[in-house]
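Dear colleague,

I am handing over the structure below, and I would be grateful if you could read the notes after it with the structure open beside you.

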Amino acid sequence: MIELVDVSKSYRKNIFGGQRTEIVKDVSFRIQAGETLGLIGASGCGKTTLAKIATRLIKPTTGQIKFDGADITTIKEADMRKKRQHVQIMFQNPESALNPRIKIYDSIAEIMRIHKIHQKNSSEERKKVKELIEIVGLQEEHLLRYPGELSGGQVQRAVLARVLSIDPKFIVADEPTSMLDVSVQAQILKILKTAQKEYHFACLFISHNIGVVKAVSDRIAVMNEGVILESGVTDEVIDSPKTEFTKALMNNYYSDFYVELDEVGKQVS
Ligand SMILES: Nc1ncnc2c1ncn2[C@@H]1O[C@H](COP(=O)(O)OP(=O)(O)OP(=O)(O)O)[C@@H](O)[C@H]1O
């Protein structure tokens, strides 16, 4: 579905000299339809930069990006826009993901309108929105409200409904639950996993929290300073980490705090 081959990204260090800083270095991975790759690493290691490359919001300095079998590394923005219909990103701060002046119904329907899937306010559009809020666990009364009139968890459910509205093939979830309480995080992650079973999208799930990544990922890639240090099946990486860096990440993990997240993986599988 989505594949990165030897992708690197560097930026000029300053406006005077020719020196560059390498943010992402020779990263390769592939995510199949219906599969989640968890990307874990410390703050500033290049995770978001990698997410932007995978969705072609930015171009890599070198390397190749393949989406749905096609090379999208250098395709024109107009062509990428068509493909982006099937690529969605969920960011950390749910409040900023929705326009505060647009009611939840219209925010959920917006992408379908942009891509002319249904007529605005048509019965088909209403039916689809109703279907989507049932999947994410929102009530009809929430649809008339503005984002500021919902809790953080409810807003993130609305974001998920919007993301699912156009049958995505690839979702990047960049710390989508880190601003939420642990029990609310667990609910959102469970919805994401359940929706993935139905919609079969590939998912790159980014977090600095191993408990969250473990709850949703089939495989994990551990990143540090722009490099993937190790990757593999979730339980194998967690049970037998190969690098000191990953071991240190694991040491922070096993606390009662995350038991609730552990349950997510068990309940959905
Ligand atoms: N456009 C840019 N120009 C120069 N440097 C950049 C640019 N974008 C990001 N960086 C730098 O790249 C590094 C990695 O940033 P990135 O946001 O990818 O990290 P991250 O792992 O997602 O961090 P966090 O978990 O804190 O969000 C940072 O040092 C950042 O300052």
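Helix 5 and helix 7 are oblique to each other, because their packing angle is about 130° and oblique is the word for whatever is left once angles under 35 degrees (roughly parallel), over 145 (roughly antiparallel) and 65 to 115 (roughly perpendicular) are set aside. The axes of helix 5 (residues 123-136) and helix 7 (residues 182-199) are 9 Å apart, each axis being a line fitted to C-alpha atoms over the stretch in contact, with angles running from 0 to 180 degrees between N-to-C directions. Helices here are DSSP runs of H or I with at least four residues, numbered from the N terminus.

From helix 5, Lys128, Leu132, Ile135 and Val136 meet Ile191, Glu198 and Tyr199 of helix 7, where contact means heavy atoms within 4.5 Å.

This is a predicted model, in which local features need pLDDT of at least 70, side-chain atom pairs count only at pLDDT 80 or more, and totals for chains, interfaces and linings use all residues. Residues are numbered from 1 along each chain as its sequence is written, and side-chain values use heavy atoms, leaving out hydrogens and water.

Turning to the ligand, a polar side-chain atom of Lys47 lies 2.9 Å from one of its oxygen atoms, and a side-chain N or O atom of Thr49 is 2.6 Å from a ligand oxygen; a polar contact is a pair of N or O atoms within 3.5 Å. Helix 1 (residues 47-54) gives the most to the shell around the ligand, with three residues.

With best wishes

How values were computed:
A polar contact is a pair of N or O atoms within 3.5 Å; within protein, one must be able to donate a hydrogen and the other to accept it, and residues adjacent in sequence count only if both atoms are side-chain atoms. Helices (H or I, at least four residues) and strands (E, at least two) are DSSP runs, numbered from the N terminus.
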